[in-house]
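Dear colleague,

Please find below the structure that I am handing over to you, together with its sequence. My findings follow directly after it.

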Amino acid sequence: MQLPPFPWDSLAPYQARARAHPDGLIDLSVGTPVDPTPEFAQQALAQAADAHGYPQVWGTPELRLSIINYLARRWNAETNEKQILPVIGTKELVAWLPTTLSLGVEDTVVFPALAYPTYDVGARAVGARTLATDDPETALAARPKLIWINSPANPHGRILTATQTRAWITVARECGAVLAADECYGEFGWEAEPVSVLDPAVNDGSAAGLLAIHSLSKRSNAAGFRAGFVAGDETLVQAQLQIRKHLGMMLPTPTQAVMRALLDDDAHVLTQRERYASRRAVLRPALEAAGLRIDASEGSLYLWATQGKDCWETIGWLADLGILAAPGAFYTTTPESHVRIALTATDAQIEAAARRLTT
């Protein structure tokens with residue numbers, strides 16, 4: 001299997017450079033949560049610790065019901081339990097989906113022009129052709145078997161409108177492709193409201209050909225639990241379930257209990273939104289005062305910033321301030337001038353970064 005070098009390994013010299021700053025390193029390169037997992041979820045974990053039997057690949061009926069209720073309450077999506085499947089974190093689902101859909105060298109996988117690298121890695125793992133485009137008509141001409149969309153998007157935070165989402169659904173159905181919508185940042189729309197592909201307002205009341213991928217990592221500060229789910233087309237979901245039974249892809253019982261607790265509660269998500277909104281309100285004007293332009297960034301947990309020069313130059317400039325960011329080059333094969341700056345740092349770290357940028 002020929003895969004590219006792991007992108008973040010190339011940041012090591014810049015990390016060392018930033019760490020040498022007299023006041024230390026502020027790492028804004030990776031979107032890993034820093035705030036505590038809610039206490040009630042930790043209690044749910046402890047109460048489920050006596051997990052002596054094997055877990056169900058499909059998840060417990062109670063967990064499936066929690067997912068169904070969450071999708072209806074938050075995303076206006078009516079689903080049944082055969083349309084629901086818990087997964088061991090969504091990165092593994094993204095990486096393995098081309099394999100579990102039985103794609104191969106004759107097939108094409110489409111993903112956004114600026115994209116989470118794992119969409120490409122999953123396609124490479126099966127030898128499929130890839131096409132990076134934001135244009136539905138260009139995608140249609142390639143007759144793909146799998147199309148990825150991502151809204152709010154990583155890295156740049158752009159949010160697809162209902163009209164744009166509908167256009168992708170139309171194209172996928174016209175060419176018989178599976179449309180996989182990565183909606184993991186859906187709770188964090190700042191300047192626009194995200195829409196799910198499972199909303200009947202955009203899918204004409206049918207989940208045919210559609211998969212929506214959701215994660216609890218960001219919304220609930222639960223990245224270490226590897227908790228997520230996929231929902232959508234009943235036939236596709238049930239086929240994934242059968243494959244996962246054979247491969248032993250079982251979400252641990254205690255994690256299933258944590259998922260139930262977190263999906264049944266909305267208050268902690270609103271609290272976390274407020275934290276990130278506050279950090280964004282501090283960091284964005286500091287970056288702009290330092291001469292960077294912020295593009296897109298309508299949602300997600302990142303600011304897409306540029307000095308109008310090669311992204312690695314900006315990474316070096318930030319490293320000299322003791323700030324580590326992610327270069328836009330991680331997300332595209334074309335030249336890129338932007339850097340991705342994460343909001344996933346403590347209030348004190350965000351305030352310190354702002355001071356360094358404006359002093």
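Two strands are said to pair here if DSSP finds at least two bridges between them. By that criterion, strand 2 (residues 84-87) and strand 8 (residues 228-232) are paired over 4 bridges in the antiparallel sense. Within this pair, Ile-84 has Ala-231 of strand 8 as its bridge partner. Please note that the model is a predicted one.

Strand 2 is covered on both of its faces. Ile-84 and Pro-86 lie on one side, Leu-85 and Val-87 lie on the other, and all four residues are buried, meaning that each has under 20% relative accessible area. In a regular strand, side chains alternate between the two faces of the sheet.

Which strands form the open sheet of 4 strands, and in what order? The order is 9-10-13-12, and the pairing is antiparallel. At its edges are strand 9 (293-295) and strand 12 (326-327), each of which pairs on one side only. Strand 12 is joined by 2 bridges to strand 13 (residues 338-342), and the two run antiparallel. Here Ala-326 has Arg-340 of strand 13 as its bridge partner. Strands of a sheet pair through backbone hydrogen bonds, in either a parallel or an antiparallel manner.

Turning to the chain as a whole, the protein contains 13 helices and 13 strands. Its radius of gyration is 20 Å, close to the 21 Å given by the globule rule for 359 residues, so the chain is as compact as a globular protein of that length. The C-alpha trace spans about 55 × 50 × 40 Å along its principal axes.

Of the 359 residues, 55% are buried. Considering contacts between residues at least 6 apart in sequence, 76% join residues that are at least 24 apart. The chain exposes about 14,800 Å², of which carbon and sulfur atoms supply 53%. As for charge, there are 30 positive and 39 negative charges, and their mean positions are 2 Å apart.

With kind regards

Definitions and conventions: Residues are numbered from 1 along each chain as its sequence is written. This is a predicted model: local features need pLDDT of at least 70, side-chain atom pairs count only at pLDDT 80 or more; totals for chains, interfaces and linings use all residues. Side-chain values use heavy atoms; hydrogens and water are left out. The radius of gyration is taken over C-alpha atoms; the globule rule is 2.2 Å times the number of residues to the power 0.38. Buried means under 20% relative accessible area, exposed over 50%, partly exposed in between (1.4 Å probe, protein chains only). Contact means heavy atoms within 4.5 Å. Accessible areas come from the Shrake-Rupley method with a 1.4 Å probe; for residues, only the protein chains shown count as cover. Lys and Arg count as positive and Asp and Glu as negative; His and the chain ends are not counted. The place of a charge is taken as NZ of Lys, CZ of Arg, CG of Asp or CD of Glu.
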